[in-house]
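This report goes through selected features of one structure. The sequence and the coordinates are shown first.

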Amino acid sequence: MPSAAETITLPGAMPGTQRQLRVFSFGDPGARPKAYFQAGLHADEPTGMMILRELCKLLAEAEDKGEIKGEIVVVPLANPIGVDQALNSAVMGRFELRTGANFNRAWPDLVRGLADSVRKRLGKDIEENVDLVRREIRRRITALQPENPTVAQRIALTRRAYDADLIVDLHCDDEALSYMIAPDELWGEAKRFAADVGVHSLQPNGETNGARCFDECFFGPWQALHKEFGERVPLACQAFTFEMGGVLDVDPKQAGRYAQGFFRYLRRIGCVDGAAPKQRSNGLNEFRSLEMLDSPAGGLLLYRQQLGEWVSPGDVLAEIVDPTAPDLDTAPAVIKASMKGCVVSRRLSRQVAFGDFVVMLAGHERPASGKSKSLLD
Ligand SMILES: [Zn+2]
């Protein structure tokens, strides 16, 4: 295993309840490009953790051969607070139980006031400008106060990630195909990345309305500065979220294949030495619109379409049976598609409550409004 495995002790909410983050590092600190990977920010999403375990093995092997040219930081389990929250044996990893906060929202605002603080110091040299902005972001991160254990955990991760050229946040769904989420500005690069990894599709992140997910926290500053100052400030941090299938997709073989995919991309960007392999044309789907459908009633959930199936408007996606309906001939409630799309995500449980999420469709056509529906993990 890697030579550099660091353990960061986080403050506990109460005496005797400290948590630990394990951070694996490969290559020389400060070498470029720097890539940062994490999984398990939503702690009940284990699929990405398995992939990063496999990726660490590949990186350790590459390090032994002297092939690591950049710096790679891997946090396979980014949320020790969440992973230890359980109720009746089920990990409650999406929201912090103490505060109700979603672990992937409200990351530090590194954008506000940033343009004004660098405006007068930006010059013609693009690399110097990037260094200047990174120093300014670091100054802001250094000033962050750990107001509670969750914020302390965020700050610890932020300090490892903020200056990376590439940030990858691995999540998974209930029951889903694998897909990558990218902002419009990074779409071209995301296509290359998605093809290397071998995910089923690429989807836009749409309007996030200031949710400040993990990826947005780090891409947002560069996005804002690039908009304001043009080519003088490039998009020097490319941050992406991946949904690596469903919670049942914890499989070492499949994880190994995806790890190989991430490793392939690290070679492509020069972080790992070796010829960038020829890009495979593996039929990556580029989706531009989404439809998320919730249940109109509580009951037993019967899916009529499998993952990966294409449907048209009006097609029945699922039926909800009320097992207590007095009339035994009562027709089930139905959920129908209102757009042409592919079934990319479903809930795992076949019991559903009124208003619960049931199925997500993704399609090729851009929505009429011109703005994609938000796809926040
Ligand atoms: Zn998630």
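## Helix α7

Helix α7 is followed by Gly230, which has a positive phi, near 65°. The structure is a predicted model, in which local features need pLDDT of at least 70 and side-chain atom pairs count only at pLDDT 80 or more, while totals for chains, interfaces and linings use all residues. Residues are numbered from 1 along each chain as its sequence is written, and side-chain values use heavy atoms, with hydrogens and water left out.

Helices (H or I, at least four residues) and strands (E, at least two) are DSSP runs, numbered from the N terminus. Helix α7 covers residues 214-229, and its 16 residues should span 22 Å at 1.5 Å a residue; the end C-alpha atoms lie 24 Å apart, which agrees. The expected span is 1.5 Å times one less than the number of residues. At Gly220 the helix bends by about 35°, and Pro221 follows within four residues. The bend is the angle between axes fitted to the seven residues ending at a residue and the seven starting there.

Buried residues of α7 include Phe214, Cys217, Phe218, Trp222 and Phe229. Buried means under 20% relative accessible area, exposed over 50%, and partly exposed in between (1.4 Å probe, protein chains only). The buried residues of α7 pack against β3, α3, α4, α5, β7 and β11, where contact means heavy atoms within 4.5 Å.

## Asp196 in helix α6

Asp196 belongs to helix α6 (residues 187-197) and is buried, at a relative accessible area of 1%. Its side chain makes a polar contact with the side chain of Arg268 at 2.6 Å. A polar contact is a pair of N or O atoms within 3.5 Å; within protein, one must be able to donate a hydrogen and the other to accept it, and residues adjacent in sequence count only if both atoms are side-chain atoms.

## Nonpolar cores

A nonpolar core is a set of buried Ala, Val, Leu, Ile, Met, Phe, Trp, Tyr and Cys residues joined through side-chain atoms within 4.5 Å. The largest has 82 residues, and those touching the most other members are Phe37, Leu59, Ile72, Phe193, Phe242 and Phe262. Helix α1 (residues 47-64) gives the largest share of this core, nine residues. Another core, of 15 residues, lies apart from it, and Ala318 and Ile335 are among its members.

## The open sheet

Four strands form an open antiparallel sheet in the order β17-β16-β14-β19. Strands pair if DSSP finds at least two bridges between them. Strands β14 and β16 are joined by four bridges, and Tyr303 stands opposite Ala318 in β16.
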